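Here are my notes on this model, jotted down as numbered points. Have the structure open while you go through them.

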Amino acid sequence: MRKAFDPDKITQFQSMRESLTLQSTIKESNRCLLCFDAPCSDGCPAGTDPGKFIRQIKFYNYKGAARTIRNNNILGSVCAFVCPVEKLCEKACSIKALEDPINISGLQRFAIEYGKRFQIEPLRKSKKDQGKIAVIGCGPAGMGCASELAKMDYDVTIFEREDKAGGVPKWNIPEFRLPVEAIAYDVENLLSMGVNIRLNTSVENNEAISMLFAEGYEAIFISTGLSVAFKIDLFDNYINAVDYIAFLRTVKFDREKIDLKNKNVAVIGGGSVAIDSAVSAKACGAGKVYLISLEHLDELPADRDEIELARKMNITFKAGCQINEVVANEKTITGLKGTEVEWIEPGNFSPTNARKIEGTSFGINIDFVVQAIGTKPGYEIVRFKKSLKTKGKGIVEVSDFFETNIEGVFAGGDVVNAGSTVVQAVGEGKKAALGIDIYLKNRGKKA
Ligand SMILES: Cc1cc2nc3c(=O)[nH]c(=O)nc-3n(C[C@H](O)[C@H](O)[C@H](O)COP(=O)(O)OP(=O)(O)OC[C@H]3O[C@@H](n4cnc5c(N)ncnc54)[C@H](O)[C@@H]3O)c2cc1C
Ligand code: SF4
């Protein structure tokens, strides 16, 4: 039932995900065993409840299915495109023991499309009579938290530093995996619940947090994500070496500003975002695109289907390799020199554990470099750090209900889990909303 990715769509900057037809939707939903305990629903970190919406589709209640998805997951439209279902809901599908799992994200896309086309009623507006809550960051975690609080009739304001809502799905996930309309629809639904979104408003430090409390906000949820990309010192000061956050954003919104036509591009990294960057470079007309990683092919953190896609796009893997030297013409990189590497201690994929293999030197002509080796929280969290408990690269520490060490301040999403998925961020936002509600009700009792 699932169609293979179509590389031709990528070069036209179109979503690779096919919509299910009505016939295939009926056929697919009819394969559902209607398990009493619906393990697929347990497999969804945001509580979207596929067990319920597949049942509704199976009994031709398409609008009901759209309502279920939207009520349970404010990012229901985005998730239907980007969830790594093979590790989540579809992994838990009971029919997998006999045949392919149900195409859950396909059914989710169908239901969302149906709900849009037949204009299901807007989500219920918050009565806003349960206290004021501030959410910092309007990505999946902030949206998940805000929607849940609005359902509980809180008066929620999201402070977002960008001029548009949506976080990484809005700015960085490439169009060939996520059409721009999907995030627009989810934001529209959030607004229909009466959530205020204050764009172009950055909340930067402890004083700003104190000011929010002084302005009458009773609890704060921090969902600022991971906005600073790690960089490699070797590429400092070269004008044609960028990080993947900037690169993917430019490809998505300012494509005309980068000319990669027939250019050679090196993407440094071996994870999903490195593949997104390499495929995006190809889509922009690049000639040779190299994916250079310390990890060997069988160790790459990217998923198998992503690696397959990169192969179909003729991306050259230089796995198990390290770049040691830049060849440059003043501030412009013109080539890279490297060697193959082996691990000193097997299974430890840290750069400090890589050892050059003598006699394996190589050199490649390169016109553009994209660094895709991970991200950390932005400087604002580091500034909060004085009083906010963090660990490792600045990840915020929280309790089971996502409360930080500061009373009334909660946090969730990438800034807490160090980078996971959209659906995980939504789930954490929802759980934090519950934590905020419990906190405020207990505080009321104590007062
Ligand atoms: C290239 C790429 C591809 C990905 N692909 C997938 C995928 O296919 N499937 C999947 O499930 N996940 C994917 N992910 C991961 C997923 O996007 C993240 O896990 C998810 O977006 C995290 O949500 P969040 O709300 O925690 O953070 P973010 O999405 O980062 O949102 C944080 C928001 O906070 C705002 N903000 C930051 N600082 C401030 C401040 N001081 N004041 C006000 N606002 C602020 C930011 O502007 C942003 O809008 C991908 C990530 C990347 C980078
Ligand atoms: S939101 Fe994602 S994980 Fe949850 S049911 Fe839908 S596709 Fe599966």
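1. The open sheet has 5 strands in the order E3-E2-E1-E4-E18, with parallel pairing; strands pair if DSSP finds at least two bridges between them. Strand E3 (196–198) and strand E18 (409–411) sit at the edges with a single partner strand each, so one side of each has no neighbour in the sheet. Ignoring direction, neighbouring strands are turned by 20 degrees against each other on average. Strands here are DSSP runs (E) of at least two residues and helices are runs (H or I) of at least four residues, numbered from the N terminus.

2. A word on ground rules: this is a predicted model, in which local features need pLDDT of at least 70 and side-chain atom pairs count only at pLDDT 80 or more, while totals for chains, interfaces and linings use all residues. Residues are numbered from 1 along each chain as its sequence is written, and chains are lettered from A and ligands numbered from 1 in the order in which they are written.

3. Inside that sheet, strand E1 (residues 132–136) pairs with strand E4 (residues 217–222) in the parallel sense over 5 bridges. Ile133 stands opposite Ala219 in E4. Helix H11 (residues 206–214) lies across E1, E4 and E18, at about 145 degrees to E4. Angles run from 0 to 180 degrees between N-to-C directions, with axes as lines fitted to C-alpha atoms, for helices over the stretch in contact.

4. Now ligand 2: which residues are closest? Cys44, Cys79, Cys83, Leu88 and Cys89, out of 15 that surround ligand 2. Helix H6 (76–82) and helix H7 (104–117) are the elements giving two or more residues to this shell, and H7 has the largest share, 3 residues.

5. Helix H5 (residues 62–72) packs on H7 at about 105 degrees, with the axes 8 Å apart. The two are therefore roughly perpendicular, a label covering 65 to 115 degrees. Among the residues making the contact are Tyr62, Ile69 and Arg70 of H5 and Gln108, Ile112 and Tyr114 of H7; contact means C-beta atoms, placed from the backbone, within 7 Å.

6. Finally, the domains: domain 1 (7–117), domain 2 (132–227 + 377–446) and domain 3 (229–374), with bounds from an automatic or database domain assignment. The C-alpha centres of domain 1 and domain 2 lie 26 Å apart, and 24 residues of domain 1 are in contact with 24 residues of domain 2. On the domain 1 side, H6 gives the most, with 6 residues.

Technical notes
A residue is near a molecule or strand if its C-beta atom, placed from the backbone, lies within 6 Å of it. Angles under 35 degrees count as roughly parallel, over 145 as roughly antiparallel, 65 to 115 as roughly perpendicular and the rest as oblique. Two residues are in contact if their C-beta atoms, placed from the backbone, lie within 7 Å.
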